[in-house]
Amino acid sequence: MVFLSNVILRTEGLSIQFGALKAVNNVSLSIEADKFTSILGPNGAGKTTFFNLVSGRYKPTGGRVFFKDQDVTALTPQQRIHAGMGRSFQLTNVFPALSVHENVRLSVQSAAKVRYTKLFRSYKKYTDIYEETNNILERILLKDKADVKAGDLTHGEQRKLELGMVLAQKPEVLLLDEPTAGMSVEEVPVMIDLLKNIKDAGETTIVLIEHKMNMVKALSDVLVVLVNGELLCEGDPETVSNNPDVMTAYLGGGVINVAT
Amino acid sequence: MGGEKIMKNYISGLSTIEKIEKLLLLAVFVVLVVVPHVSGTATITMVSRIMIFAVYAMAYDILRGYIGVIHLGFALFIGGGAYFVGIMISQFGVSLPVLLMAVVGTAIYSAIWALIVGRISGKSGLLATAMITMAFAEIMRSLMTVWRTVTQGEDGLTFRVPSPFDNRMFMFYASLAFMILMAFVLYKFTKSPTGRVWQAVRENEQRAIFLGYDTNRARTIALLVASIVGGLAGVMFGLLNRFVNTDLLGMQMTYNAMLYSLLGGSGTLFGAILGSGVVVLFQNLLLDLRGVHFIFERWLLFFGGLYIVVVMFMPRGIMGFYYDWKEKMAYKKRVKDGEKV
């Protein structure tokens, strides 16, 4: 058993029902701080819905969410973000008409909690926000694209930008929804490296959604498998990937370890 | 490193254009200062009207072009402000303190509408907000029609204004100062951290929420700013016109704001000034031509044509077109310099 104090994010019987469909069904999960947790499952397993519940985009029809032992089930997404829960999106979700720099800067500005009533001060005067933005851009390897419109980036670059926008919030828990989704074969290792750096920096606890296990097996400390909205099993990567239930349930068996 | 160099070229590449811009602005300013000394009352009034409508359209652009709210009842503010002046003066006498009360009243009235619309737009979508705001303006218009004892209903209310606002020359300079002040204030707002959040909300509200922004709050602030500035434009218009009727609260007034800012360039703020100028001048020119041929009396006919041309060839309006051109020039220069290196 883990010590409760080490658990940063916990769900208790978390469920949501859309009509007759139980998209997420009674999921109780404890995520430990400083452990890289990957949530796996085939398409339609309810992974993203689970994130939507945890991050507050949807209200659950049952169960609760705890962050650092505080019940956050009733909080709005904004309140959860300011409490330290950041999330990225599976479908690229940036501000396409704004520059890369501005996309990240907006995120830094939000984390800096600049008052809304500061209407007479130019945003350019906040030099600390500006510097922090540049740091983030350097970290996600997009510094030379700072002035490019986010909509003009390649898909892979947009995924990096997405990651940078979440990082900028300095979250204690980083909920990453398939950061490599739709990336080309050359781009994936770059993203994995980025994730590794974040993990090694040890500033935040990463929870990641992925549907290809080989992508994250080496990175992860804990694997969680969701199937049909239910928690199938959790544990260290070796145990989970050799679990016969996982083998059969997940993509009809065996496929889970196939290299892509 | 490369980025810094490009930035430098970007700036130096535009320095000539920026100089021309400054000269042009100065020229416009000089012309505006001189106009009342060389032209008749009709022109003075027309230019004053352009400048007041410019503020009204800029306020509208904060909503449509920055935060992305479609406010179809924006006439609430130009009409409301003008009615405040008219009613207060006709009820409490022609004096400056009464005028001041009208200004304060307008600000409160506009703020109340902004808060109501803010609540609604936070809960329902863009389209519902558009429809409901349209209904609000109609409600106000009906109220002013029915309240005959005070507003004279559809006949409209004629009133005198306190000195020095009864002087055309003074009113002209007051309008000029009003426009410059409001353009400056609104420009500052759009460049503030909150103004940047407005654009984020317009671009992708869901994402703005997940960056941790209280988008309803940001929107309410934008509504407050736009509504109050719009209301003040209404006060100025009342002072200039010395007459208000229910047309000022009608759909046509909202269309005007929309037309000015779209033509000038939505989301460019100063485009609204240009739009207001182009539309009112063009309208007057066509009306002057009615002696040549009666078709010019139907000026809206030509206006439709102009509008189609703008939408087809400059979808981002005149200012937007100019900004795009400027960006293209800077890019070309960058490429050229890059080749040299």
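## Strand pairing and the first hairpin

Two strands count as paired if DSSP finds at least two bridges between them. In this predicted model, strand S1 (residues 7-18) of chain A and strand S2 (residues 21-32) of chain A meet that condition, with eight bridges joining them. The two strands run antiparallel. Ile16(A) has Val24(A) as its bridge partner in S2(A). The hairpin of S1(A) and S2(A) has two residues between the strands, and Gly19(A) takes a positive phi near 60° in this hairpin.

S1(A) also pairs with S4(A), again in the antiparallel sense, over five bridges. Here Arg10(A) stands opposite Phe66(A) in S4(A).

## Chain A as a whole

The secondary structure of chain A comes to nine helices and 10 strands. Its radius of gyration is 19 Å, close to the 18 Å that the globule rule gives for 260 residues, so chain A is as compact as a globular protein of that length. Taken along the principal axes, the C-alpha atoms of chain A fill a box of roughly 60 × 40 × 35 Å.

Of the 260 residues in chain A, 44% are buried. Among the contacts in chain A with a separation of 6 or more, 68% are between residues 24 or more positions apart.

## The six-stranded sheet of chain A

An open sheet in chain A is formed by six strands in the order S6-S7-S8-S3-S9-S10, and the pairing is mixed. Strand S6 (85-87) and strand S10 (230-235) of chain A are the edge strands, each of which pairs on one side only. From one strand to the next, the twist averages 20°.

One pairing in chain A joins strand S7 (residues 173-177) to strand S8 (residues 205-210). These strands run parallel and are joined by five bridges. Val173(A) has Thr205(A) as its bridge partner in S8(A).

## Where chain A meets chain B

The contact between the two chains involves 29 residues of chain A and 23 residues of chain B. On the side of chain A that touches chain B, helix H2 (77-83) and helix H3 (100-111) of chain A each supply at least two residues. The residues of this side divide into 16 nonpolar, eight polar and five charged.

## Helix H3 of chain A

H3(A) has 12 residues, which should span 16 Å at 1.5 Å a residue; the end C-alpha atoms are 17 Å apart, which agrees. How many of the residues of H3(A) are buried? The count is 12 of the 12, so the helix is largely enclosed by the rest of the structure. A residue is called buried here if 20 or more other C-beta atoms lie within 10 Å of its own. The buried residues of H3(A) include the charged-type names Glu102(A) and Arg105(A), along with Val100(A), Leu106(A) and Val108(A).

What do the buried residues of H3(A) pack against? In chain A they pack against helix H4 (127-139) and helix H5 (155-167), and in chain B against helix H8 (193-203). Just after H3(A), Lys113(A) takes a positive phi of about 50°.

## Backbone features in loops

Lys68(A) is not a glycine, yet it has a positive phi of about 50°. Lys68(A) is placed in the loop between strand S4 (62-67) and strand S5 (70-71) of chain A. It counts as partly exposed, with 16 C-beta neighbours inside 10 Å.

In chain B, Leu269(B) has a positive phi of about 60° although it is not a glycine. Its loop runs between helix H11 (251-264) and helix H12 (271-288) of chain B. Is Leu269(B) buried or exposed? Leu269(B) is buried, with 25 other C-beta atoms within 10 Å. Chain B also holds a cis peptide bond, which joins Ser163(B) and Pro164(B) with omega of about 10°. Pro164(B) sits in the loop between strand S1 (157-158) and helix H7 (168-190) of chain B.

## Helix H12 of chain B

H12(B) has 18 residues and should span 26 Å at 1.5 Å a residue; its end C-alpha atoms are 25 Å apart, which agrees. The buried residues of H12(B) are Gly271(B), Ala272(B), Ile273(B), Leu274(B), Gly275(B), Ser276(B) and Val279(B).

Methods: Residues numbered from 1 in each chain as written. Chains lettered and ligands numbered in written order. Predicted model: local features only at pLDDT ≥ 70, side-chain atom pairs only at ≥ 80, totals over all residues. Contact = placed C-beta atoms within 7 Å. Helix = DSSP H or I, 4+ residues; strand = E, 2+ residues; numbered from the N terminus. Expected span 1.5 Å × (residues − 1). Axes fitted to C-alpha atoms, helices over the stretch in contact; angles between N-to-C directions. Rg over C-alpha atoms; globule rule 2.2 N^0.38 Å.
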